[in-house]
Amino acid sequence: MENVKTLGEFIIDKQQDFPGSSGEFSKLLSAIRLASKIVSNQVNKAGLLSHIVGAAGSDNIQGEAQQKLDVYANNQFIKALTARKVVCGIASEENDEFIPVDNDGSYIVAMDPLDGSSNIDVNVSIGTIFSVYKRLSPVGTPVTEADFLQKGTAQLAAGYVIYGSSTMLVYTTGNGVNGFTFDPGIGVFVLSHPNMSFPSRGKIYSMNEGNFYRSSKGVQEYIRYAQTIDEATNRPYTGRYIGSLVADFHRNIIKGGIYMYPATDAAPNGKLRLMYECNPLAFLAEQAGGKASDGIKRIMEIIPTELHQRAPYFVGNTDMVDTLEAFIASKG
Ligand code: P6P
């Protein structure tokens with residue numbers, strides 16, 4: 001394969017970005033790579049494997065019916081990360097408590113193993129979202145909750161896997177964003193989207209507009225602004241909402257846009273989880289020249305107090321998030 005760089009080669013090439021890391025970080029990313037391939041294989045058959053698809057009969061901490069593929073994906077990522085002995089603890093949307101792994105591990109992983117899983121049965125793209133931190137407690141001791149409750153600005157790496165028309169792994173270690181497409185014919189992820197960045201301007205807004213009247217006046221005013229005809233400012237924008245965060249985010253980072261999940265009267269802190277949805281995508285967004293906010297401040301500056309805490313979330317082109325924040329500042 002001339003001139004094709006695989007994810008494995010890329011990880012090794014970039015290893016020098018982690019001085020002092022004796023390849024542990026590369027092992028962690030390789031574990032995520034492996035689990036992504038395994039989950040992709042099952043997701044692509046989801047319509048066929050009745051034993052995989054459909055509610056698992058259990059609920060997660062959010063009280064949401066767990067789809068069997070949720071449970072399967074969760075187990076695969078936990079197993080792959082545990083096997084590499086570089087992770088001391090894992091926080092997952094599917095587990096009420098954090099999972100202690102290996103006292104000698106140096107890293108923490110927070111993840112949503114299969115986001116958007118309510119879309120599995122209707123064949124809509126879904127995704128995995130992950131975030132990596134250095135532990136705060138001493139190596140060799142048991143992991144603590146404080147190891148997880150770090151600001152998003154402390155992330156070492158973040159990324160997502162989108163299981164769509166093709167499976168892609170997109171991640172950053174703080175030196176830009178790179179996308180890799182899985183080639184099932186040879187079983188490797190190949191670099192297909194180097195140095196991803198938002199276009200200079202965006203005109204897609206992604207929000208469940210069923211929440212319009214449940215949202216603040218500032219959010220309502222922004223939606224009306226997006227719908228107003230004004231050719232000089234490229235409006236009306238285009239509404240696109242898949243109902244799968246990773247799919248909406250991935251489209252917007254490529255085409256330009258803003259994803260919005262505001263606080264509503266039904267969800268006063270918003271719906272999305274800070275640790276394993278908002279922060280990892282915020283890291284990617286900022287590395288791609290974009291912005292991520294809770295409507296008032298930088299999302300990665302929020303000091304977490306709970307593992308599964310939620311936050312209002314606006315992420316995408318900087319100019320679009322700035323405009324949204326201005327409406328909230330003036331209208332509440
Ligand atoms: P709603 C999926 O459950 C999810 O967490 C995101 O992937 C998605 O963007 C959002 O919730 C959809 O929520 O309330 O619009 O159905």
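A residue is called buried when its relative accessible area is under 20%, exposed when that area is over 50%, and partly exposed in between. With this cut-off in mind, the predicted model shown above can be read residue by residue. Tyr171 counts as buried because its relative accessibility is 4%, which lies under the 20% limit.

| Residue | Relative accessible area | Class |
|---|---|---|
| Phe10 | 8% | buried |
| Tyr171 | 4% | buried |
| Asn74 | 5% | buried |

**Aromatic rings**

A pair of aromatic rings is described by the distance of the centres and the angle of the planes. The structure holds 14 aromatic pairs, and one of them joins Phe10 and Tyr171 in an edge-to-face arrangement, with 6.3 Å from centre to centre and 85° between the planes. Because Phe10 lies in helix 1 (residues 7-13) and Tyr171 in strand 8 (residues 167-172), this pair ties together parts that are 161 residues apart in sequence.

Elsewhere, ring pairs link Tyr222, Tyr225, Tyr237 and Phe327 into a cluster. Tyr225, a member of this cluster, also has a charged neighbour, for the charged end of Arg235 sits over the ring of Tyr225 at 3.8 Å from its centre.

**The surroundings of Asn74**

Asn74 has its place in helix 3, which covers residues 68-83, and it is buried, with a relative accessible area of 5%. Which residues are in contact with Asn74, leaving aside its neighbours within four places in sequence? They are Ser92, Glu94, Asn95, Met111 and Pro113.

Definitions and conventions. Residues numbered from 1 in each chain as written. Predicted model: local features only at pLDDT ≥ 70, side-chain atom pairs only at ≥ 80, totals over all residues. Heavy atoms only, no water. Helix = DSSP H or I, 4+ residues; strand = E, 2+ residues; numbered from the N terminus. Buried < 20%, exposed > 50% of the residue type's maximum accessible area, 1.4 Å probe, protein only. Contact = heavy atoms within 4.5 Å. Phe/Tyr/Trp six-rings, centres within 6.5 Å; stacked < 30°, edge-to-face > 60°. Lys NZ or Arg CZ within 6 Å of the ring centre and 35° of its normal.
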